[in-house]
Protein chains: 2
Amino acid sequence: MNYTFSDKMEALQPSAIREILKATADPNIISFAAGNPAPEAFPCEAVEKITAEIMGQNPIGALQYSISEGYPPLRDMMKEMCRSRYGVMGEDDDLIIVSGAQQGIDLVCKCLCNEGDTIIVENPSFVGALNTLRSYNANLVGVAMDQDGINIEKLEEALKANSNTKLMYLIPNFQNPSGITMSYEKRKAVYALAKKYGVIILEDNPYGELRFRGEDVPAIKTLDEDGLVVYCGSFSKVLSPGLRVGYLVANKNLMGKIVVAKQCTDVHTTILSQMICERFLAEYDFDQHIANLREIYRKKCGLMISEMDKHFSPNVTHTNPEGGLFLWCTLPQGSDMLGFCQKAVENGVAMVPGNAFMAQATDPTTSFRMNFSTPTDEKIIEGCEILGRLTKEMF
Amino acid sequence: MNYTFSDKMEALQPSAIREILKATADPNIISFAAGNPAPEAFPCEAVEKITAEIMGQNPIGALQYSISEGYPPLRDMMKEMCRSRYGVMGEDDDLIIVSGAQQGIDLVCKCLCNEGDTIIVENPSFVGALNTLRSYNANLVGVAMDQDGINIEKLEEALKANSNTKLMYLIPNFQNPSGITMSYEKRKAVYALAKKYGVIILEDNPYGELRFRGEDVPAIKTLDEDGLVVYCGSFSKVLSPGLRVGYLVANKNLMGKIVVAKQCTDVHTTILSQMICERFLAEYDFDQHIANLREIYRKKCGLMISEMDKHFSPNVTHTNPEGGLFLWCTLPQGSDMLGFCQKAVENGVAMVPGNAFMAQATDPTTSFRMNFSTPTDEKIIEGCEILGRLTKEMF
């Protein structure tokens, strides 16, 4: 049987990262390719205790069908948190619980985009999101970033050149893969352009809580007076990705349609997962937990950078993120980046080649992504030494 | 802000049932409108014990990211079960874990259907599936059913009339909403037509284990020598819908694309949910558990039918299902079914009007769906008496 796939899915290939991760199941490979929270970042005892309480006190509530909008106590809690902690919950906004931020991106794109519509993304951007947008046959237009976020002139050029732009997908904090944070000035400029051109912003903020230096920058959504910004948050990096719990904040009129899309997709998010998130926020000291996470990632990022600076050829540059999980390394112009990544794997170290994150896989890049959250300190030291040796040989 | 929604989502309204369920949150309303497992059908103690074991022994495994295809021990177990218990796992097939059967339907449609492609469905059919298919802007063509399943002549007419048919969506066992089971002869005929016209069958079997009388009929997938059938199963009716775990079995070449779609949708299904399903199958007597469920639903269905036969006007007919959760009641031709359902709610009893299940909401029907799994025995007796009085007054 030769299957005829839909146009939107025909060309779509498996996520390069998820395929690389399968290859790095080999325990001898040092993987800087993942994006997983550090094992020590999971509050295992707390979750064990909470889960036992839920299953002892309300097992049928955890096992029965529930409503598509989300488990009401978690929704209420997240509305309050989005209002008071993040400032992203306006009077005309509503909040829905989704099965991870990935589903949030999926639902927003489904509700707003026809095949062929343009979606503007930072270049590079999160490959998981790019693939979701591609799965709607969107026309992805990548806009280059400066050190303080997306280039505003090029963004306006892209908006002018693509009058069918429906959405801008942006990760303003510690962007995946670049580690770049968008300045407040640029957030205001981006919002102004969205308003000028009538385009919705999907603001993805999975890493916002993981700031380990510098000052918080208000979300683009805090500027939203026109219902133009959909804000997407997640429990994946602050509690657990395996539970698959995220949330969307959007204007009520848009949210009504997102709820319909959610019903069509998976009816509702796993209730037990939602209950665990709710109890964790209610019963534990979230600020202290986040402080622990920041300390873990501050140390790991610092270690990776110091090891890179110690061993790498001075011709290889890297970003210096204020939070999150990723560094973005750039080889000298004209370098064979794919060849370098291949050589690295042969020497026992895996990274993700930068082209995986480009709006078009053919967009030129000499960069690759390094993850510091998953490997142990020993592996960071060992892997950076190997990579350093290779950079000195090759560049 | 006036939002411009995508063409596929523009016209889609919230599921009528989920909206009715919100209305029936009023505890004074007797609801025959749900599709929830009976509260006594949940093996709460077993799940509580299993969950404690998982969180005690492998908390990071439960909380960390995992692979899109599903938790490997559960996948292996379901492959074996699909091979030996259901006969639906061929040599060229693969199996993926999905976030409930609803997601299974979503992913199959996404991979195979362009906007405007025809999907043939039983008329009536499961409204959740219909809405998912609508959310891809599919052209839904409903084919009427006989007492032994879809009308084969009308099915071939529909296939001839719609050369762009990509998919047939069928629920052969104790169909939702009709309660009808497709005969083995018809399953063979349906398969032959799928082969003749080169159309994929999506066989949805959420209720198959809930047979409380009669003999099992082999799945259409057991006939599949050509990679034409995608089989969709679920833990929602045999263990828990809140956990959101289902599975798809399909030819490997098709499954490769489904996995890509799954990555784009929610990365993977909640790991803790998958672990609970796996441990339940491994550590508990599944056959005994299923025997308990069948006994619960045999009694509830029997009670509802005997109460209806006692109280209802003889001009109102109903199906006599061999399993599942639903009965399909039909008022005399020309009756105002919506008016009757409205009157029923005013008298404190909610059902789902039959038009909610029609391929086109305007397809004529004088039927409505009755659920016997969720209400208590007392509510079944009380509600049938009220409805019976109304049927005698009106018909």
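First, the ground rules. This is a predicted model, where local features need pLDDT of at least 70, side-chain atom pairs count only at pLDDT 80 or more, and totals for chains, interfaces and linings use all residues. Residues are numbered from 1 along each chain as its sequence is written, chains are lettered from A and ligands numbered from 1 in the order in which they are written, and side-chain values use heavy atoms, with hydrogens and water left out.

Let's start with the interface. How many residues does the contact take from chain B and from chain A? It takes 81 from chain B and 81 from chain A. Contact here means heavy atoms within 4.5 Å.

Now the area. The size of an interface is often given as the accessible area lost when the parts come together. Between chain B and chain A, the buried area is about 6,800 Å². Carbon and sulfur atoms give 59% of that. Buried area is the accessible area (1.4 Å probe) that two parts lose on being put together, summed over both.

What about charges across the interface? The rule finds two salt bridges between chain B and chain A. A salt bridge is a side-chain nitrogen of Lys or Arg within 4 Å of a carboxyl oxygen of Asp or Glu. Lys110(A) and Asp106(B) meet in a salt bridge, at 3.7 Å from N to O.

Polar contacts come next. There are 39 residue pairs in polar contact between chain B and chain A, both residues at pLDDT 80 or more. A polar contact is a pair of N or O atoms within 3.5 Å; within protein, one must be able to donate a hydrogen and the other to accept it, and residues adjacent in sequence count only if both atoms are side-chain atoms.

Which element gives the most to the side of chain B that touches chain A? That is α10(B), with nine residues. By class, this side of chain B has 36 nonpolar, 30 polar and 15 charged residues. For the classes, Ala, Val, Leu, Ile, Met, Phe, Trp, Tyr, Cys and Pro count as nonpolar, Asp, Glu, Lys and Arg as charged, and the others, Gly among them, as polar. Helices (H or I, at least four residues) and strands (E, at least two) are DSSP runs, numbered from the N terminus.

How are the copies related? A rotation of 180 degrees, with 0.0 Å of shift along its axis, superposes chain B on chain A, RMSD 0.0 Å. So the two copies are related as by a two-fold rotation axis. In chain B, the C-alpha nearest the axis belongs to Ala52(B), 3.1 Å from it. The same surface serves both copies: 100% of the contact residues of chain B recur in chain A. Copies are superposed by least squares on the C-alpha atoms of residues with pLDDT of at least 70 in both.

On to salt bridges in the whole structure.

Take Asp146(B) and Lys186(B). Their closest N and O atoms are 2.7 Å apart. Asp146(B) lies in strand β4 and Lys186(B) in helix α9 of chain B, so the pair ties together parts 40 residues apart in sequence. Lys186(B) is buried, at 11% relative accessible area. Asp146(B) is partly exposed, at 29%. Buried means under 20% relative accessible area, exposed over 50%, partly exposed in between (1.4 Å probe, protein chains only).

Now a pair within one helix. Lys310(B) and Glu307(B) meet at 3.0 Å, N to O. Both lie in helix α12 of chain B, three residues apart, about one turn.

Salt bridges link Arg85(A), Glu209(A), Asp287(A) and Arg294(A).

Finally, two serines. Ser236(B) sits in the loop between β8 and β9 of chain B. Ser236(B) is buried, at 3%. Its side chain makes a polar contact with the side chain of Arg244(B), at 3.5 Å. Not counting residues up to four places away in sequence, Ser236(B) touches several residues, including Tyr65(A) and Pro37(B).

Ser373(A) is in the loop between β14 and α14 of chain A. Ser373(A) is buried, at 0%. Its side chain reaches the backbone oxygen of Asn36(A) at 2.6 Å. The side chain of Ser373(A) also makes a polar contact with that of Asn371(A), at 2.8 Å.
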